Amino acid sequence: MALISGKQILEEAKKKGYGVGAYNVNNMEQIQAIMAAAKETQSPVIIQASRGALKYSNFTYLGYLMKAAVIENSDIPVAMHLDHGNSLESAIKAIDLGFSSVMIDGSLLEDGKTASTYDYNVKVTCSVVEYAHARGVSVEAEIGTLGGIEDGVGSGKIHLTNPKEAEKFVNETDVDSLAIAIGTSHGAYKFKGAANLAFDVLKEIRALIDIPIVLHGASSVPKELTDEVNKYGGKMPGATGVPMSSLQEAIKLGVSKINVDTDGRLAITAAIRKVFTESPEKFDPRDYLGSGRTALTNLIITKMKDFGTAGHAKDYAPKSLEDIKKLYALK
Ligand code: G3H
Ligand code: 13P
Ligand code: ZN
């Protein structure tokens, strides 16, 4: 089994200067598609479930499907990650399900919408770090807020990360990785005008902190995909994302984890819409879900190559969570 902690997968990426995609999953087809891409490109991979995804699947179903990904791909380092945990309780639930990595998003209050205070963020993050590290599970935190509201994730306003505050936060919480805000947003409508990211802020943060940096809201919303969705009856006018060249620049400047959900949704939706339009006689879910799965695999293969993850699956021996637990105990 190559279930790996978020700490190891990201520290290895940081050392070699490549990005690891963290892909959101809700069901079997998404998990299989991402794992097929990881196998094809020999990439380490993070599969992540949001609170919404876990609730949708009644926790156990998705937890076991993610475990199946690990069992079926013993030669690929896989981290099972909780995306946007909102409380110690949500982190405990994920760790009990077998996750090797959790995010506590204390930049927002427990409602997942209201921007919190720095002190609240430190307090809730420390409580998760204490619980997780005692079990060898790594912790991602967030400072600054993204734009965009998606099913209760996001304040709707962008507050770029303050680099000095990020440095203080890392020292006070002992987190393993830090999500920062440099102008990205969740969802398919990220920019009104030019897709500018605050690379100067990223550079400053990189100079002040030494742990892996995470970029949320990193879907590129490729025009080919929204065109395809629209062609087959969808309605996504003016959708925009982060260009791949900007993500590659961000990786060069020190981002190690790149969160992608929206692009996967688009690939599956476009493929399913195509089947429904071109083959209206079909009614077996395997026909359209299978097409969605294939489309997602192809999308993720391209991302793994573009992020530089491809070819790194066998670079290092995965450490068990027991080993990681011992490392934390030495601190
Ligand atoms: O960060 C947000 C992710 O895209 C998860 O979205 O809460 O709708 O599953 P979700
Ligand atoms: P996108 O909406 O850009 O895919 O971002 C996903 C994300 O940040 C999940 O945490
Ligand atoms: Zn996110």
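Ser 219 lies in the loop between β7 and α9, in what is a predicted model. Helices (H or I, at least four residues) and strands (E, at least two) are DSSP runs numbered from the N terminus. Local features here need pLDDT of at least 70, and side-chain atom pairs count only at pLDDT 80 or more. Residues are numbered from 1 along each chain as its sequence is written.

- Ser 219 counts as buried because its relative accessibility is 2%, where buried means under 20% relative accessible area with a 1.4 Å probe and protein chains only.
- Leaving aside neighbours within four places in sequence, Ser 219 is in contact (heavy atoms within 4.5 Å) with residues including Lys 190, Gly 241, Asp 261 and Asp 263.
- Ala 218 has its place in the loop between β7 and α9 and, at 1% relative accessibility, is buried.
- Not counting residues up to four places away, Ala 218 touches Lys 190, Val 242, Leu 247, Ile 258, Asn 259 and Val 260.

**The annotated binding site**
- An unreviewed UniProt entry annotates as "binding site" Gly 187, Gly 217, Ala 218, Ser 219, Asn 259, Val 260, Asp 261 and Thr 262; such annotations may be inferred rather than shown by experiment.
- These residues span 76 residues in sequence, yet no two of their C-alpha atoms are more than 11.3 Å apart, so they gather at one spot.

**The zinc ion**
- His 84 (NE2), His 186 (NE2) and His 216 (ND1) coordinate the zinc ion (ligand 3) at 2.0 to 2.1 Å; donors are N, O and S atoms within 2.8 Å of the metal (3.2 Å for Na, K and Ca), and water is not among the atoms, so sites may look incomplete.
- His 186 is buried at 15% relative accessibility, and His 216 is buried at 1%.

Key:
Chains lettered and ligands numbered in written order. Heavy atoms only, no water. Buried < 20%, exposed > 50% of the residue type's maximum accessible area, 1.4 Å probe, protein only.
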